[in-house]
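Subject: Handover of a structure

Dear colleague,

Please find the structure below.

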Amino acid sequence: MRMFPGLLAAAMSAATAMGGSLTPAQAAPDVVVSIKPIHSLVAAVMHGVGEPGLIVEGAASPHSYSLRPSQARSLSEADIVFWVGHELEAFLEKPIETLGSNARSVELIDTEGLVRLGFREGATFERHGHGEDDHDEDAHEEHGHGEDDHDHEEHGHEEHAHDAVDAHVWLDPENARRMVHAIEHVLAEADPANAARYEANADALMGRLTALREDVQGIVAPVRERPFVVFHDAYHYFEERFGLHAAGSVTASPETVPGAARVREIQARIRDLGATCVFAEPQFTPKLIKVVTEGTEARTGILDPLGASLEPGPDLYGTLLTDMASSFRACLEPRS
């Protein structure tokens with residue numbers, strides 16, 4: 001399997017090939033980014049010009065994040081704020097309107113040509129039949145849901161709103177390519193003196209994303225037909241791109257504790273389908289996974305859609321996707 005080389009080195013080589021120096025033409029715009037995977041893409045495009053700031057650090061989740069005073073100050077001083085959108089980082093809406101009112105706010109979920117999928121309703125999912133071989137790369141329609149498909153958690157917690165868009169768009173490397181193009185455009189428009197550098201970095205990154213897609217496909221190919229259960233429905237884009245099949249999710253929303261009825265439904269689903277693995281996430285308590293797998297033969301694994309333990313920077317995105325692919329394979333692969 002081909003290793004994913006550093007985006008940093010690739011960007012430097014591309015810039016040198018274009019005849020550029022490593023000294024920026026002028027000070028970079030002050031850029032702040034919401035989450036690690038998006039920060040990684042922005043950092044790669046900005047390499048040699050400046051370093052973007054990061055808001056959600058460590059193992060924190062954007063679903064329940066609160067700004068620290070230092071981060072509020074960074075927002076107030078920013079020229080550009082890149083984030084996925086209110087669908088994911090609702091905590092940023094008001095701060096961007098107030099503290100970051102002088103900054104250009106870029107919601108990357110609105111990127112032209114982005115593949116956008118809807119949330120799958122209920123505790124169990126139906127397979128749509130998409131995969132690496134039949135995924136429409138030009139499709140960017142939202143997948144709607146029928147009104148009768150809605151379900152609610154116990155204790156009155158609602159699931160995702162009707163026709164809501166799944167915001168985990170970065171987990172499809174083709175979406176990452178489209179976001180990189182948008183990021184380059186915004187940066188070049190704000191900082192035309194460094195536009196050539198942004199373009200060179202973006203071109204190098206595009207090449208690495210193409211290779212990354214091939215690497216991930218090779219890793220998961222042997223386990224594409226094996227069903228599994230995820231903690232919450234965060235992996236739709238990754239599954240659709242690479243032909244994997246989640247049989248359901250433990251909880252509809254990471255902030256919601258599933259009721260007893262949902263737990264029983266998932267346990268039955270695991271037994272009926274022979275689901276090989278139930279995946280937890282480092283951002284949330286693993287106790288629920290133990291409860292759900294009790295009395296079944298399913299193994300447990302961990303999927304990290306945000307790079308909780310990874311060092312922020314231009315190489316994080318590639319490591320994030322290859323680590324996720326390796327986690328799928330390690331937990332789903334048959335054992336003798």
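The largest nonpolar core has 79 residues, and those touching the most other members are Ile38, Phe82, Val84, Trp170, Leu187, Phe238 and Phe328. A nonpolar core here is a set of buried Ala, Val, Leu, Ile, Met, Phe, Trp, Tyr and Cys residues joined through side-chain atoms within 4.5 Å. Buried means under 20% relative accessible area, exposed means over 50%, and partly exposed lies in between (1.4 Å probe, protein chains only). Apart from this core lies another one, of 15 residues, including Ile270, Ala275, Ala280 and Leu288. As a general point, nonpolar side chains in soluble globular proteins tend to be buried together.

Please note that this is a predicted model, in which local features need pLDDT of at least 70 and side-chain atom pairs count only at pLDDT 80 or more, while totals for chains, interfaces and linings use all residues. Residues are numbered from 1 along each chain as its sequence is written, and side-chain values use heavy atoms, with hydrogens and water left out.

Trp170 deserves a separate look. Not counting residues up to four places away in sequence, Trp170 touches Ile35, Pro37, Ile38, Val84, Leu88, Met179, Pro305, Leu306, Tyr317 and Leu320. Contact means heavy atoms within 4.5 Å.

For the chain as a whole, buried residues make up 57% of the 336 residues. Among contacts between residues at least 6 apart in sequence, 71% join residues at least 24 apart. The secondary structure comes to 10 helices and eight strands; helices (H or I, at least four residues) and strands (E, at least two) are DSSP runs, numbered from the N terminus.

Two strands count as paired if DSSP finds at least two bridges between them. E1 and E2 pair in the parallel sense over two bridges, and the bridge partner of Val33 in E2 is Leu54.

Which residues of helix H3 (residues 69–77) are buried? They are Gln71, Ala72 and Leu75. These residues cover an arc of only 105° around the axis, which puts them on the same side of H3; the arc is that of the directions from the helix axis to the C-beta atoms. The buried residues of H3 pack against strands E1 (31–33), E2 (53–54) and E3 (80–83), and against helix H4 (93–98). Ser101 sits in the loop between H4 and strand E4 (104–107) and is partly exposed, with a relative accessible area of 47%. The C-alpha atoms of Ser101 and Leu75 are separated by 8.9 Å, although the two are 26 residues apart along the chain.

Another open sheet of four strands, also with parallel pairing, has the order E6-E5-E7-E8. E6 and strand E8 (299–302) stand at its edges, each with a single partner strand, so one side of each is left without a neighbour in the sheet. The twist averages 25° from one strand to the next.

Four bridges join strand E5 (residues 228–232) to E6 in parallel, and Val229 has Gly248 as its bridge partner in E6. From E5 the chain crosses through helix H7 (residues 236–242) to E6, and this β-α-β crossover is right-handed: with the strands pointing away from the viewer, the path from the first strand over the helix to the second runs clockwise.

E5 is joined to E7 by three bridges, again in parallel, and Val229 stands opposite Val278 in E7. Both faces of E7 are covered, with Cys277 and Phe279 buried on one side and Val278 and Ala280 buried on the other. Strand E7 (residues 277–280) pairs in turn with E8 over four bridges. Helix H10 (residues 316–332) lies across E5, E7 and E8, running at about 145° to E7.

Yours sincerely

Conventions. Axes fitted to C-alpha atoms, helices over the stretch in contact; angles between N-to-C directions.
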